[in-house]
Amino acid sequence: MNKSSVYILGIESSCDDTAAAVSRDGIILSNVVNTQIVHAQYGGVVPELASRAHQQQIIPVVEAALRDAKISKSELNAIAFTRGPGLIGSLLVGTSFSKSLALALKIPLIEVNHMQAHVIANFAHRADQIITQPKFPFICLTVSGGHTQLVQVDGFLEMKILGQTIDDAAGEAFDKVAKMLGLPYPGGPMLDKLAAEGDPLSFKFPHPHAPELDFSFSGLKTAVLYFLQKEKAKNPTFLTDELSNICASVQHTIIAILIGKLKLAIDKTGIKEIALAGGVSANSGLRNKLASEGIKNSWNVHIPAMEYCTDNGGMIAVFAYHKYLQKDFCTQEITPLSRFPF
Ligand code: KG4
Ligand code: ZN
């Protein structure tokens, strides 16, 4: 082992993924994710079941992360964990586990804000993965199942929220519409797949109003619900006949809302260095649109590799490395936060 290297174990348990990763000097060595499947039958995440599954999975997931990284726990320099935001019962599992492990190993403990880690996922890579890292300052559009944010990033530990959703998150809009269309949970990826076969201009949906750089998606969900009810009354097979066109049109609307606000943020700040983060950045329509708008408008666009877009321990370990360099550690008194503004 190189003595000057810093090994960090990053643990993520904010929602329905139990994840652990090891980084060496901010470079990913392993990234293990166990996505809980128990929720699919309920059409959404059931908090009680999520925390129970985290308890069952956290030890095997951490062991796998250490094994993949080919290191033993005695070589770790720090333990990092998601303190919030998220489901409190889920966060408690990762927090308690991390506190105990750090105490037993007598090494520092680092708390991580899940949303900031999503942003820093743009720097996550393995030694053999070549990425172009965003340069500071940049604007990050973070789109996940629980959050939609425009963040100005001035440094690894310097971020401010320019705007965010005032109701549903973009991922929630995908998932809720998918549920109306009878698609299995989480519906976002399936809606994306079906949208690829449809015409995005088949149906027109409204862009709900939100002030300045904030977002709103709940009105869109309601508009789709009423639209489906009306069309099904005229034609009972409308949904199956038009499924891919509906998916393409809804996806087109969500992307137009996201890109519209991003453009506004770019106009306001003059920053043309752009990054994407969060589970919805896996959406092929959004990735393509951002890439093409980037070329058209001379933006430098960065999109993390897929494994660092959805919830993962890698982003926790990479973000924590920068806190480690600042000796930004927390004590054993730390408790998780379901809401964790920054
Ligand atoms: O970041 P993430 O893994 O978890 C949260 O922190 O919320 O994001 C999960 C969200 C879900 O709403 C899921 O439907 C959405 O990301 N998602 C997608 C796609 N893949 C994941 N939404 C649209 N298209 C996709 N391909
Ligand atoms: Zn997330």
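Student: Which strand order does the open sheet of 5 strands have?
Tutor: The order is 8-7-6-9-10, and the pairing is mixed. Note that this is a predicted model.

Student: Which strands stand at the edges?
Tutor: Strand 8 (158–164) and strand 10 (300–302). Each has a single partner strand, so one side of each has no neighbour in the sheet.

Student: How much are neighbouring strands turned against each other?
Tutor: By 25 degrees on average, with direction ignored.

Student: What packs on that sheet?
Tutor: Helix 8 (residues 284–297) does, touching strand 6 (138–143), strand 9 (273–277) and strand 10. The direction of helix 8 makes about 180 degrees with that of strand 9.

Student: At what angle do helix 7 and helix 8 pack?
Tutor: About 40 degrees, with the axes 10 Å apart; helix 7 spans residues 238–269. That angle makes helix 7 oblique to helix 8.

Student: Is their crossing left-handed or right-handed?
Tutor: Helix 7 and helix 8 make a right-handed crossing.

Student: Which residues meet there?
Tutor: From helix 7, the contact includes Ile 255, Leu 258 and Leu 262; from helix 8, it includes Leu 286, Leu 290 and Glu 293. The residues of this contact divide into 6 nonpolar, 3 polar and 3 charged.

Student: Now helix 1 and helix 2. At what angle do their axes cross?
Tutor: Roughly 30 degrees, and the axes come within 8 Å. Helix 1 is therefore roughly parallel to helix 2. Helix 1 covers residues 47–69 and helix 2 covers residues 88–105. The crossing is right-handed.

Student: Which residues meet in that one?
Tutor: On the helix 1 side they include His 54, Ile 58 and Val 62, and on the helix 2 side Gly 89, Val 93 and Phe 97 are among them. The residues of this contact divide into 6 nonpolar, 6 polar and no charged.

Student: Different topic. How many salt bridges does a search of the whole structure find?
Tutor: It finds 11. One joins the side chains of Glu 111 and Arg 83, at 3.3 Å from N to O.

Student: Which parts does the Glu 111 and Arg 83 pair tie together?
Tutor: Glu 111 is in strand 5 (residues 109–113) and Arg 83 is in strand 4 (residues 78–84), so the pair links parts that lie 28 residues apart in sequence.

Student: How many bridges join strand 2 to strand 3?
Tutor: 8 bridges, with strand 2 (residues 17–24) and strand 3 (residues 27–35) running antiparallel. Asp 17 has Thr 35 as its bridge partner in strand 3. The two strands form a hairpin with 2 residues between them, and Asp 25 in the turn has a positive phi of about 50 degrees.

Student: Where is Lys 70 found?
Tutor: In the loop between helix 1 and strand 4. Lys 70 also has a positive phi, about 60 degrees, although it is not a glycine. For background, most residues other than glycine have a negative phi, and most peptide bonds are trans.

Student: Which residues does a cis peptide bond join?
Tutor: Gly 84 and Pro 85, with omega about -5 degrees. Pro 85 sits in the loop between strand 4 and helix 2. The peptide bond from Phe 136 to Pro 137 is also cis, with omega near -5 degrees. Pro 137 lies in the loop between helix 3 (114–120) and strand 6.

Notes. Residues numbered from 1 in each chain as written. Chains lettered and ligands numbered in written order. Predicted model: local features only at pLDDT ≥ 70, side-chain atom pairs only at ≥ 80, totals over all residues. Heavy atoms only, no water. Axes fitted to C-alpha atoms, helices over the stretch in contact; angles between N-to-C directions. Helix = DSSP H or I, 4+ residues; strand = E, 2+ residues; numbered from the N terminus. Parallel < 35°, antiparallel > 145°, perpendicular 65-115°, else oblique. Left-handed = near helix turned anticlockwise from the far one by under 90°. Contact = heavy atoms within 4.5 Å. Nonpolar A, V, L, I, M, F, W, Y, C, P; charged D, E, K, R; others polar. Pairing = 2+ DSSP bridges. Salt bridge = Lys/Arg side-chain N within 4 Å of Asp/Glu carboxyl O.
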